[in-house]
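Please keep the model in view while reading the numbered points.

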Amino acid sequence: AQLEGDRNKITKAVVVGSLIPFLMFVIWNAAVLAALPPGTTTAMADPLEVLRSSGSPLVAGGILAFSLSAIVTSFVGFVVALTDFFADFLGGEDSSSTGPGFSLPKLRDFALTLVPPVLVALWDPSLFF
């Protein structure tokens with residue numbers, strides 16, 4: 001609707017929308033790799049810890065904000081995709097079919113999406129560290 005079916009607008013949106021995350025990825029990798037002293041492998045040192053300790057509080061805050069935004073956006077994408085999958089698979093309503101209110105099928109889909117990871121995290125909190 002916003003791009004009005006215009007091929008040029010769509011192409012520009014896809015290219016710019018893909019270029020921004022790509023540039024963030026390249027800059028992040030360059031910063032992490034540049035922070036390690038020569039001859040050091042990642043098994044010897046944590047690149048993020050090296051960046052945090054060598055930089056100013058502004059650098060440490062930027063690293064934290066970047067890391068948290070990566071986690072949050074991944075989590076949001078995961079929840080939206082998996083709840084829509086469960087809605088399609090189990091015959092409920094997907095996230096775009098109704099308004100912001102909750103129905104029993106939506107509640108079921110969110111529970112199937114969120115309860116298993118929470119149970120695994122409660123069972124062994126050190127699993128990912």
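1. Basis of the note. The model is predicted, so to speak of local features a pLDDT of at least 70 is needed, side-chain atom pairs count only at pLDDT 80 or more, and totals for chains, interfaces and linings use all residues. Residues are numbered from 1 along each chain as its sequence is written, and side-chain values rest on heavy atoms, with hydrogens and water left out.

2. Overall make-up. The chain has four helices and zero strands; helices (H or I, at least four residues) and strands (E, at least two) are DSSP runs, numbered from the N terminus. Read from the N terminus, the order of elements is α-α-α-α.

3. Burial and surface. Of the 129 residues in the chain, 12% are buried. Here buried means under 20% relative accessible area, exposed over 50%, and partly exposed in between, with a 1.4 Å probe and protein chains only. The chain exposes about 9,800 Å², and carbon and sulfur atoms supply 74% of this area; accessible areas come from the Shrake-Rupley method with a 1.4 Å probe.

4. Contacts along the sequence. Contact means heavy atoms within 4.5 Å. Among contacts between residues at least 6 apart in sequence, 25% join residues at least 24 apart.

5. Helices H2 and H3. The axes of H2 (residues 47–54) and H3 come within 7 Å and cross at roughly 145 degrees. Such axes are lines fitted to C-alpha atoms, for helices over the stretch in contact, and the angles run from 0 to 180 degrees between N-to-C directions. Leu 48, Leu 51 and Arg 52 of H2 meet Val 59, Ala 60 and Ile 63 of H3. These residues divide into five nonpolar, no polar and one charged; Ala, Val, Leu, Ile, Met, Phe, Trp, Tyr, Cys and Pro count as nonpolar, Asp, Glu, Lys and Arg as charged, and the others, Gly among them, as polar.

6. Leu 48. This residue of helix H2 counts as partly exposed because its relative accessibility is 24%. Leaving aside residues up to four places away in sequence, Leu 48 touches Trp 28, Val 32 and Ile 63.

7. Helix H4. What span should H4 (residues 104–123) have? At 1.5 Å a residue, its 20 residues should span 28 Å, and the end C-alpha atoms are 27 Å apart, which agrees; the expected span is 1.5 Å times one less than the number of residues. H4 bends by about 30 degrees at Leu 114, with a proline, Pro 116, following within four residues. The bend is the angle between axes fitted to the seven residues ending at a residue and the seven starting there. Lys 106, Asp 109 and Thr 113 are the buried residues of H4, and their cover includes helix H3 (57–90).

8. Pro 105. Pro 105 lies in helix H4 and is partly exposed, with a relative accessible area of 27%. Pro 105 and Phe 86 are 19 residues apart in sequence and 9.3 Å apart in space, C-alpha to C-alpha.

9. Glu 4. Most residues other than glycine have a negative phi. Glu 4 has a positive phi of about 55 degrees although it is not a glycine. Glu 4 sits in the segment before helix H1 (7–35) and is exposed, at 60% relative accessible area.
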